[in-house]
Amino acid sequence: MESMLIMFVVLAAVMFVTSRATRKRQMAQKQQTEERLVPGAWVMTSSGFYGRFVERDGDVVVLETNDGTETFWTHLAVREVVDAPPFAVEQPAPAEEATDTTVEEARTEAAQMKSDVATGDDAPAEDGPHTQHS
(Lines give C-alpha, C1' and ligand atoms only; values in the text may rest on other atoms or scores of the structure.)
Protein backbone atom coordinates (compact mmCIF):
# COMPACT_ATOMS: atom_id res chain seq x y z
CA MET A 1 0.00 0.00 0.00
CA GLU A 2 2.80 2.38 0.94
CA SER A 3 4.75 1.59 -2.26
CA MET A 4 1.68 2.42 -4.36
CA LEU A 5 1.39 5.78 -2.61
CA ILE A 6 5.06 6.54 -3.32
CA MET A 7 4.62 5.56 -6.98
CA PHE A 8 1.56 7.81 -7.23
CA VAL A 9 3.44 10.79 -5.75
CA VAL A 10 6.40 10.23 -8.09
CA LEU A 11 4.08 9.94 -11.10
CA ALA A 12 2.27 13.15 -10.12
CA ALA A 13 5.59 14.98 -9.73
CA VAL A 14 6.79 13.83 -13.16
CA MET A 15 3.52 14.91 -14.75
CA PHE A 16 3.75 18.34 -13.09
CA VAL A 17 7.36 18.93 -14.20
CA THR A 18 6.65 17.76 -17.76
CA SER A 19 3.54 19.91 -18.01
CA ARG A 20 5.39 22.98 -16.75
CA ALA A 21 8.27 22.47 -19.22
CA THR A 22 5.80 22.10 -22.11
CA ARG A 23 4.01 25.30 -21.10
CA LYS A 24 7.32 27.20 -20.95
CA ARG A 25 8.31 25.92 -24.39
CA GLN A 26 4.93 26.94 -25.85
CA MET A 27 5.16 30.41 -24.34
CA ALA A 28 8.69 30.87 -25.73
CA GLN A 29 7.54 29.77 -29.19
CA LYS A 30 4.55 32.15 -29.05
CA GLN A 31 6.83 35.04 -28.01
CA GLN A 32 9.25 34.27 -30.86
CA THR A 33 6.37 34.21 -33.37
CA GLU A 34 5.07 37.57 -32.10
CA GLU A 35 8.55 39.12 -32.44
CA ARG A 36 8.93 37.89 -36.04
CA LEU A 37 5.39 38.94 -37.05
CA VAL A 38 6.21 42.14 -38.94
CA PRO A 39 4.61 43.52 -42.11
CA GLY A 40 5.88 41.58 -45.13
CA ALA A 41 6.76 38.41 -43.18
CA TRP A 42 5.51 35.14 -44.64
CA VAL A 43 3.29 33.15 -42.27
CA MET A 44 1.58 29.79 -42.33
CA THR A 45 -1.85 29.37 -40.76
CA SER A 46 -3.07 26.32 -38.90
CA SER A 47 -5.02 25.32 -42.03
CA GLY A 48 -1.90 25.43 -44.22
CA PHE A 49 -2.50 28.81 -45.91
CA TYR A 50 0.65 30.79 -46.71
CA GLY A 51 0.44 34.57 -46.90
CA ARG A 52 2.30 37.79 -46.16
CA PHE A 53 1.44 39.50 -42.89
CA VAL A 54 0.03 42.99 -43.53
CA GLU A 55 -1.36 44.22 -40.21
CA ARG A 56 -3.05 43.25 -36.97
CA ASP A 57 -6.07 44.93 -35.44
CA GLY A 58 -7.01 43.34 -32.13
CA ASP A 59 -7.82 39.69 -32.76
CA VAL A 60 -7.83 40.05 -36.56
CA VAL A 61 -4.76 39.76 -38.79
CA VAL A 62 -4.68 40.70 -42.45
CA LEU A 63 -2.76 38.30 -44.68
CA GLU A 64 -1.97 38.96 -48.32
CA THR A 65 -1.95 36.24 -50.95
CA ASN A 66 0.69 35.97 -53.65
CA ASP A 67 -1.54 37.87 -56.10
CA GLY A 68 -2.10 40.77 -53.67
CA THR A 69 -5.54 39.78 -52.35
CA GLU A 70 -5.95 40.58 -48.66
CA THR A 71 -7.77 38.11 -46.41
CA PHE A 72 -8.83 38.42 -42.78
CA TRP A 73 -7.94 35.78 -40.18
CA THR A 74 -8.18 35.39 -36.44
CA HIS A 75 -4.76 35.87 -34.86
CA LEU A 76 -5.03 32.37 -33.40
CA ALA A 77 -4.89 30.92 -36.93
CA VAL A 78 -1.28 32.10 -37.43
CA ARG A 79 0.74 28.99 -36.65
CA GLU A 80 4.25 30.17 -37.47
CA VAL A 81 6.36 32.73 -39.28
CA VAL A 82 8.26 31.08 -42.14
CA ASP A 83 11.31 32.25 -44.07
CA ALA A 84 9.66 31.67 -47.45
CA PRO A 85 6.59 29.87 -48.78
CA PRO A 86 7.05 26.43 -50.36
CA PHE A 87 6.23 27.80 -53.82
CA ALA A 88 7.67 30.32 -56.24
CA VAL A 89 6.70 33.87 -55.36
CA GLU A 90 5.60 36.09 -58.21
CA GLN A 91 5.32 39.83 -57.88
CA PRO A 92 1.68 40.92 -58.09
CA ALA A 93 0.65 42.90 -61.15
CA PRO A 94 -0.19 46.53 -60.45
CA ALA A 95 -3.87 46.95 -59.69
CA GLU A 96 -5.98 49.14 -61.96
CA GLU A 97 -7.59 50.86 -59.03
CA ALA A 98 -5.78 50.74 -55.71
CA THR A 99 -7.94 50.62 -52.62
CA ASP A 100 -6.82 50.85 -49.03
CA THR A 101 -9.43 48.97 -47.04
CA THR A 102 -8.77 48.98 -43.33
CA VAL A 103 -9.96 46.23 -41.05
CA GLU A 104 -12.58 48.57 -39.60
CA GLU A 105 -13.91 49.48 -43.08
CA ALA A 106 -14.17 45.78 -43.96
CA ARG A 107 -16.07 45.07 -40.74
CA THR A 108 -18.44 47.97 -41.45
CA GLU A 109 -19.03 46.74 -45.01
CA ALA A 110 -19.66 43.18 -43.79
CA ALA A 111 -22.14 44.44 -41.18
CA GLN A 112 -23.95 46.49 -43.84
CA MET A 113 -24.19 43.49 -46.18
CA LYS A 114 -25.49 41.35 -43.30
CA SER A 115 -28.08 44.02 -42.51
CA ASP A 116 -29.12 44.21 -46.18
CA VAL A 117 -29.61 40.44 -46.31
CA ALA A 118 -31.63 40.46 -43.08
CA THR A 119 -33.94 43.22 -44.34
CA GLY A 120 -34.20 41.81 -47.86
CA ASP A 121 -32.66 44.94 -49.36
CA ASP A 122 -30.71 43.85 -52.44
CA ALA A 123 -29.58 47.36 -53.37
CA PRO A 124 -26.17 48.33 -51.95
CA ALA A 125 -26.10 51.20 -49.46
CA GLU A 126 -23.36 52.99 -51.37
CA ASP A 127 -21.58 52.73 -54.69
CA GLY A 128 -18.61 50.55 -53.74
CA PRO A 129 -16.38 47.90 -55.24
CA HIS A 130 -19.11 45.24 -54.95
CA THR A 131 -21.76 47.23 -56.84
CA GLN A 132 -23.21 45.50 -59.89
CA HIS A 133 -23.89 47.71 -62.88
CA SER A 134 -26.26 46.77 -65.75
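Select phenylalanine 8, which lies in helix α1 (residues 2-36); helices here are DSSP runs of H or I with at least four residues, strands are runs of E with at least two, and both are numbered from the N terminus. Phenylalanine 8 is exposed, at a relative accessible area of 56%. On this scale buried means under 20% relative accessible area, exposed over 50%, and partly exposed in between, with a 1.4 Å probe and protein chains only.

Before moving on, please note that this is a predicted model, where local features need pLDDT of at least 70, side-chain atom pairs count only at pLDDT 80 or more, and totals for chains, interfaces and linings use all residues. Residues are numbered from 1 along each chain as its sequence is written, and side-chain values use heavy atoms, leaving out hydrogens and water.

Now zoom out. The protein chain has two helices and five strands, in the order α-β-β-β-β-β-α along the sequence. Of its 134 residues, 18% are buried.

## Salt bridges

Side chains of opposite charge can pair when their charged atoms come close. With a salt bridge defined as a side-chain nitrogen of Lys or Arg within 4 Å of a carboxyl oxygen of Asp or Glu, the count is three.

- Select glutamate 34 and arginine 56, whose side chains meet in a salt bridge at 3.4 Å, N to O. Glutamate 34 is in helix α1 and arginine 56 in strand β2, so this pair ties together parts 22 residues apart in sequence.
- Next, pick aspartate 83 and arginine 36, with their closest N and O atoms 3.1 Å apart in a salt bridge. Aspartate 83 belongs to the loop between β5 and α2 and arginine 36 to helix α1, so parts 47 residues apart in sequence are tied together. Aspartate 83 is exposed at 72% relative accessibility, while arginine 36 is partly exposed at 34%.
- Then go to arginine 52 and glutamate 64, a salt bridge with the closest N and O atoms 3.4 Å apart. The partners sit in strand β2 and strand β3, so the link spans 12 residues in sequence. Arginine 52 is buried, with a relative accessible area of 13%.

## Around threonine 65

Is threonine 65 buried or exposed? Threonine 65 is buried, at 16% relative accessible area, and its place is the loop between β3 (60-64) and β4 (70-74). Not counting residues up to four places away in sequence, threonine 65 touches Phe49, Arg52 and Thr71, where contact means heavy atoms within 4.5 Å.

## Aromatic pairs

Which residue stacks with phenylalanine 49? Rings of Phe, Tyr and Trp (its six-membered ring) pair if their centres lie within 6.5 Å; planes under 30 degrees apart are stacked, over 60 edge-to-face, and the rest tilted. By this rule there are three aromatic pairs. Phenylalanine 49 is stacked with tryptophan 73, at 5.0 Å centre to centre and 25° between the planes. Phenylalanine 49 is in the loop between β1 (42-45) and β2 (50-57) and tryptophan 73 in strand β4, 24 residues apart.

Tyrosine 50 lies in strand β2 and phenylalanine 87 in the loop between β5 (78-82) and α2 (103-119), so parts 37 residues apart in sequence are tied together.
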